[in-house]
Protein chains: 2
Amino acid sequence: MRSAFYISDGTAITSEVFGHALLSLFPTEFEHHTISFVESTEKAQEAKIRIDKATRRAGKPALVFHTFVNNDIREIIESCDAVLYDFLEPFVAPLEQELALKAKPKTHRTHSIHEKTYDYRIEAVNYALANDDGSNINNYEEADVILVGVSRSGKTPSALYLALQYGIKAANYPFTDDDMEELKIPVFLMPFKKKLFGLTINAQRLMDIREGRMSNSKYASARQCRMEVREVEKLYKNEKIPFINTTKFSVEEITAKILSETGLQRYKY
Amino acid sequence: MRSAFYISDGTAITSEVFGHALLSLFPTEFEHHTISFVESTEKAQEAKIRIDKATRRAGKPALVFHTFVNNDIREIIESCDAVLYDFLEPFVAPLEQELALKAKPKTHRTHSIHEKTYDYRIEAVNYALANDDGSNINNYEEADVILVGVSRSGKTPSALYLALQYGIKAANYPFTDDDMEELKIPVFLMPFKKKLFGLTINAQRLMDIREGRMSNSKYASARQCRMEVREVEKLYKNEKIPFINTTKFSVEEITAKILSETGLQRYKY
């Protein structure tokens, strides 16, 4: 199988994201490799050995997605037996012209600490953990958003992703079986009604997930899952709580939709 | 201030990552806007209104980073009073030639669910939460990596990031004051010594973080922080536990270094 390399003098996250987006357009498979922190000519030589080896193994030149500003490192990478794609290069000259500014070659630190925004993120992670799963109902004043939904509808991963990626403080509160008879917004959530964002999920998918955790339980039964989903969706509609069905969405998509619908400000960047 | 827009018919994460990497080369500031899920011509018209408004406000054309495959949507975006950068376009034709394959225009789902890999991630998040901060010492068999370090050295955010981004199961175990006299690898961690990865942090930074949580405590004192850091670093060296100093690094960098040093396989993609 042909290899694709994502390499950088930093985390290589940008190379990875870009390379994956591009390769996903092609109906074929690749062996993916990430080489991060190629900050010295020694590291570049090591990378070259791996890349050349992959080319020989596949009998086809590896694809290498990179952007290096250090000339010595760039030269070593360019000497690889591979096809190179510098994903920023085609845009630098047009942008220089548009902005009437020279690009400042610098070691890449796109995914490095951005002082203030970083503390926001760590604080938001701590907040999400302390306010996970209804564990603390006295802290909602501080929340940017409060995710609600039945157990296993995706609240916890979404709250953590909002915190880690965007520095957003997301609490989450589960509606449980006890709440289901005459489901209402709990009294302690009422003052924060505007912060509520509902998650829902198809009953069949919910059953599958719960079955994996508690096989043959009432909790995982078709009847219970259908009832819970029906009740929370009724609540969202009656109370005009914005909500999304998470069944077919990744945590990236769920959180992007939450941001887009709430207009919440992200702290990253 | 000039505006930069990251827009897409999906999460727009790829546009964002790419656009930020590119703009970070220029020594000037931008107002950043993300518009996700532009999946219809109506949404495209709404985006156009926002973009044109930003151009008028700044007196300079907004920069728009995008990739649209739907022609109707693309035409609307291209009619904006803005400078457009399609970040995949320059690479599609060269790659088509190199791969001898036609790119398949499709709606972008780079950050959507990838079936199996998605379950890995949710499972890994559950694992990280259940095995946070030494809360469960009987589960280390299942761990891909066990992060160790003093309190507030970055273990929890790193473990969660490894789970959410890469589907890697990371437990974390804190060395506390009680362990410090004659610091050793705890007995229950010994069978998993090869999975240990140490975090450390500069004593001054540790003091600042702890001071923010427990002001004027022994826990946050200079003497205590220096002693703990000294002891764990000694342990890492004596026991040959790989470790990194997290002081100047973001969670993306810490985890990229952990992946790079351990060679752990990521499950994403």
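Predicted model: local features only at pLDDT ≥ 70, side-chain atom pairs only at ≥ 80, totals over all residues.
If we set aside its neighbours within four places in sequence, Gln224(A) is in contact with Asp177(A), Arg210(A), Lys218(A) and Tyr219(A). Ala203(A) lies 21 residues away from Gln224(A) in sequence, and the C-alpha atoms of the two are 8.9 Å apart in space.

Let me turn now to the interface, where 78 residues of chain B are in contact with 78 residues of chain A. The area buried between the two chains is about 6,900 Å², and carbon and sulfur atoms give 69% of that area. Of the area that chain B buries against chain A, Leu25(B), Phe26(B) and Phe91(B) supply 10%, which is more than any other three residues.

As for the polar side of this interface, five salt bridges are found across it, and seven residue pairs are in polar contact, both residues being at pLDDT 80 or more. Which elements of chain B each supply at least two residues of the side that touches chain A? They are helices 1, 4, 5, 6, 8 and 10, together with strands 3 and 4; helix 1 of chain B gives the most, with nine residues. By residue type, that side of chain B divides into 40 nonpolar, 17 polar and 21 charged residues.

Technical notes
Residues numbered from 1 in each chain as written. Chains lettered and ligands numbered in written order. Heavy atoms only, no water. Contact = heavy atoms within 4.5 Å. Buried area = accessible area lost by both parts, 1.4 Å probe. Salt bridge = Lys/Arg side-chain N within 4 Å of Asp/Glu carboxyl O. Polar contact = N/O pair within 3.5 Å; in protein donor to acceptor, adjacent residues only side chain to side chain. Helix = DSSP H or I, 4+ residues; strand = E, 2+ residues; numbered from the N terminus. Nonpolar A, V, L, I, M, F, W, Y, C, P; charged D, E, K, R; others polar.
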